[in-house]
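Hello,

Here is the structure for you to look through. Please open it first, then read my notes below.

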Amino acid sequence: MKFIVTGSSGFLGSELLEKLKSENHKVIGFDKVESEFTDYTVDLTDMSQYNQFDNEIQNTDILIHFASSVGVKNVDSDNNSFWNSHLINFNILNKIRLFKQQNKLKPNFKIIFASSSEVYFQGRNIKEEDDCVLKQLNRSSYASEKINTEFAIKNLDIDYIIIRPFNIIGKRQTTEGMCVPTMINQILNDEPVNVYNDGSQIRSFCDVEDFVNIVSRLISNKETGVFNIGSDNEIRIKKLAETLLSIADKPIDNINYINFKDVYSNQTFEVQFRTPRIWKLREVKGLKRYKFKDLRTTLKEIYEYKLSKLKELDI
């Protein structure tokens with residue numbers, strides 16, 4: 001099959017692109033950032049740069065739309081973050097809508113969209129049917145754009161898979177306000193690990209290897225609908241910090257507790273708990289007994305990878 005991946009230079013986009021290529025699919029990458037994973041370096045907010053996309057999409061089986069602003073910190077600090085995501089989503093989906101009306105798409109064309117667990121606000125054991133909740137603060141602009149795009153896709157009259165990822169982590173993930181790489185960078189710089197408030201927040205973390213395996217299975221099974229993707233094993237953020245410090249052979253009490261509001265603006269908020277229910281995923285053929293990678297193993301692999309990269313710079 002032929003795939004297009006938007007956001008192909010990003011963390012999830014590049015990992016999924018590699019997975020699909022390893023399965024002998026033809027995959028075309030679009031991103032504004034030039035990399036080995038991107039065939040066309042274009043700004044998807046700019047309609048004048050869609051010539052290659054227009055040509056490629058007409059003989060594509062599946063569009064994997066991952067291009068987006070990333071990270072709560074980006075949304076909190078950059079007012080353009082919302083607009084960039086909004087323009088990309090509108091441009092791409094309007095293209096799909098028009099090409100479908102003109103019968104220029106393949107008959108079984110499908111779109112896979114990376115939404116976000118942010119749409120739920122917070123909760124434990126969250127299922128796909130639970131209400132999406134928005135607060136009247138700027139942080140919710142990210143979730144609102146994801147929800148709006150979900151509705152747009154559902155009204156295109158094409159097959160779709162909407163993915164709501166829960167804290168996917170891996171070697172390529174950069175800091176950008178992300179918890180695990182931020183903590184690892186602090187450890188590598190011999191700094192205390194910053195933990196917001198008392199560290200009692202509850203999350204679950206999923207190795208990107210599991211993420212791409214699951215998405216690949218959804219594709220091969222020709223599934224449709226909305227799916228939470230993430231591990232349902234919970235951990236408190238304080239325990240996460242202690243685990244990383246232990247892996248690095250550092251004192252596990254080398255933690256700096258800081259007030260969330262001292263770092264973020266008053267237009268965001270702390271989420272106390274957010275973990276998925278994945279019963280729907282377990283109903284998919286081939287995923288009923290899927291075993292997620294052990295979190296400590298994943299954290300150790302990421303830490304050792306980042307450490308090796310740091311040592312390479314010192315040579």
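Two strands pair if DSSP finds at least two bridges between them. Strands (E, at least two residues) and helices (H or I, at least four) are DSSP runs, numbered from the N terminus. The model is predicted, so local features need pLDDT of at least 70, side-chain atom pairs count only at pLDDT 80 or more, and totals for chains, interfaces and linings use all residues. Residues are numbered from 1 along each chain as its sequence is written, and side-chain values use heavy atoms, without hydrogens and water.

Start with the sheet. Seven strands make an open, parallel sheet, in the order E3-E2-E1-E4-E5-E7-E12. E3 (40–41) and E12 are the edges; each has a single partner strand, so one side of each has no neighbour in the sheet. E1 pairs with E2 (residues 26–31) in the parallel sense, over five bridges. There, lysine 2 has lysine 26 in E2 as its bridge partner.

Now the core. A nonpolar core is a set of buried Ala, Val, Leu, Ile, Met, Phe, Trp, Tyr and Cys residues joined through side-chain atoms within 4.5 Å. Buried means under 20% relative accessible area (1.4 Å probe, protein chains only). The largest core has 33 residues. Ile64, Phe66, Ile163, Phe211, Ile214 and Leu218 touch the most other members. Helix H7 (208–220) is one of the elements that supply at least two residues of this core. H7 gives the most, with seven residues. A second, separate core has 25 residues, including Ile28 and Phe53.

Best wishes

Terms used:
Buried < 20%, exposed > 50% of the residue type's maximum accessible area, 1.4 Å probe, protein only.
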